[in-house]
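Reader: I would like to learn how to read a model feature by feature. Shall we go through one together?

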Amino acid sequence: MHTYLPLVATALLGLRVSPTAAATASLATASIVDLSAELQYSDHHNVSPGAEALLDAIDSSSDNIRTVLVLEHGKIAMSYVRDDIDASGLYSIYSATKSWMSLMVGMLIDEGSLSLDETLGDVFDSNDSSIWPNVAEAEYMQSVTIEELLTMTSGLTDPPFSSESYSDIDWQDPTSSVEDLGGMHNYGGANLIDSLNYLDVAGTRGEFGYVLTSQIVGYVVLEKSGQTPKEFA
């Protein structure tokens with residue numbers, strides 16, 4: 001799981017990196033890092049050529065970057081906290097949440113509770129009369145796989161944008177998320193049925209189409225684990 005953090009950091013900075021042969025070999029032999037355990041600093045924390053290059057890039061960038069953490073072999077190889085930020089505080093990470101949701105799905109797959117080729121009709125029983133008769137595109141939604149949701153190739157798209165739809169959202173509030181999933185607002189759907197009806201079937205299946213917001217994967221986590229994403233993480 002730790003390999004995702006450097007990728008997030010480089011994406012935020014707009015850097016282009018190509019994996020070296022050594023890095024590729026390292027990934028092949030990498031072990032899983034327990035992110036619930038106290039992380040240790042590496043001997044070359046913030047002083048390796050790569051760490052220094054990343055810090056220099058941050059210094060020359062805008063002030064939009066709050067914190068960065070890069071793990072290498074399970075230890076902190078590079079870290080950065082902007083001067084005005086409390087590293088222990090919470091703040092919204094917007095669509096970076098999607099990466100964490102994919103990690104939760106990976107955890108469910110690893111424990112055998114879920115698979116990428118499962119459909120929404122498998123996860124939420126297609127014969128459940130409390131759900132599917134209330135979903136407008138029930139047949140299509142039942143056929144959408146977990147992999148399609150994660151790779152945004154399902155053909156589902158955001159509804160037409162309306163600023164009024166988002167007027168009640170406090171974007172700086174990290175707890176501002178769907179009520180049924182442990183949060184405070186209903187952006188993307190107030191409940192499972194609402195979420196299944198929120199997206200439009202207006203894209204091309206098999207082609208990438210970015211979805212701004214969807215709570216469906218959150219409900220998959222809830223269904224398979226019995227916990228909200230916040231509890232499960």
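Reader: In which loop is the place of Asn 46?

Author: Asn 46 is placed in the loop between E1 and helix H3 (49-59). Helices (H or I, at least four residues) and strands (E, at least two) are DSSP runs, numbered from the N terminus. This is a predicted model, where local features need pLDDT of at least 70 and side-chain atom pairs count only at pLDDT 80 or more, while totals for chains, interfaces and linings use all residues. Residues are numbered from 1 along each chain as its sequence is written, and side-chain values use heavy atoms, with hydrogens and water left out.

Reader: What is the phi of Asn 46?

Author: Phi of Asn 46 is near 65°, a positive value in a residue other than glycine. Met 152 is not a glycine either, and has a positive phi of about 55°. Met 152 lies in the loop between H7 and strand E4 (156-157).

Reader: Is Met 152 buried or exposed?

Author: Start with the cut-offs. Buried means under 20% relative accessible area, exposed means over 50%, and partly exposed is in between (1.4 Å probe, protein chains only). Met 152 has 14% relative accessibility, so Met 152 counts as buried. Thr 157, in strand E4, has a relative accessible area of 22% and is partly exposed. Thr 157 and Ser 214 are 57 residues apart in sequence, and their C-alpha atoms are 9.5 Å apart in space.

Reader: How do I check a helix? What should the 14 residues of helix H4 span?

Author: The expected span of a helix is 1.5 Å times one less than its number of residues. For helix H4 (residues 97-110), that gives 20 Å, and the end C-alpha atoms are 20 Å apart, which agrees.

Reader: Which residues of H4 are buried?

Author: They are Met 101, Leu 103, Met 104, Val 105 and Leu 108. After H4 comes Gly 112, whose phi is positive, near 85°.

Reader: On to charges. How many salt bridges does the structure hold?

Author: Side chains of opposite charge can pair when their charged atoms come close. The criterion for a salt bridge is a side-chain nitrogen of Lys or Arg within 4 Å of a carboxyl oxygen of Asp or Glu. The structure holds three. One of them joins Asp 84 and Arg 82, with the closest N and O atoms 2.7 Å apart. Asp 84 is exposed at 55% relative accessible area, whereas Arg 82 counts as buried at 18%.

Reader: Which side chain does Lys 224 meet in a salt bridge?

Author: Lys 224 meets Glu 118, at 3.3 Å from N to O. Lys 224 lies in helix H9 (residues 216-225) and Glu 118 in the loop between H4 and helix H5 (120-123), so the pair ties together parts that are 106 residues apart in sequence. Lys 224 is partly exposed, at 27% relative accessibility. Glu 118 is buried, at 16%.

Reader: With which residue does Arg 205 form a salt bridge?

Author: The partner is Glu 148, and the closest N and O atoms are 2.9 Å apart. This pair links distant parts of the chain, 57 residues apart: Arg 205 is in the loop between strand E5 (200-201) and H9, and Glu 148 is in helix H7 (residues 146-151). Arg 205 is partly exposed, with 34% relative accessible area. Glu 148 is buried, with 14%.

Reader: Over which ring does the charged end of Arg 205 sit?

Author: A charge sits over a ring if NZ of Lys or CZ of Arg is within 6 Å of the ring centre and within 35 degrees of the ring normal. Here the charged end of Arg 205 sits over the ring of Tyr 140, 4.7 Å from its centre.
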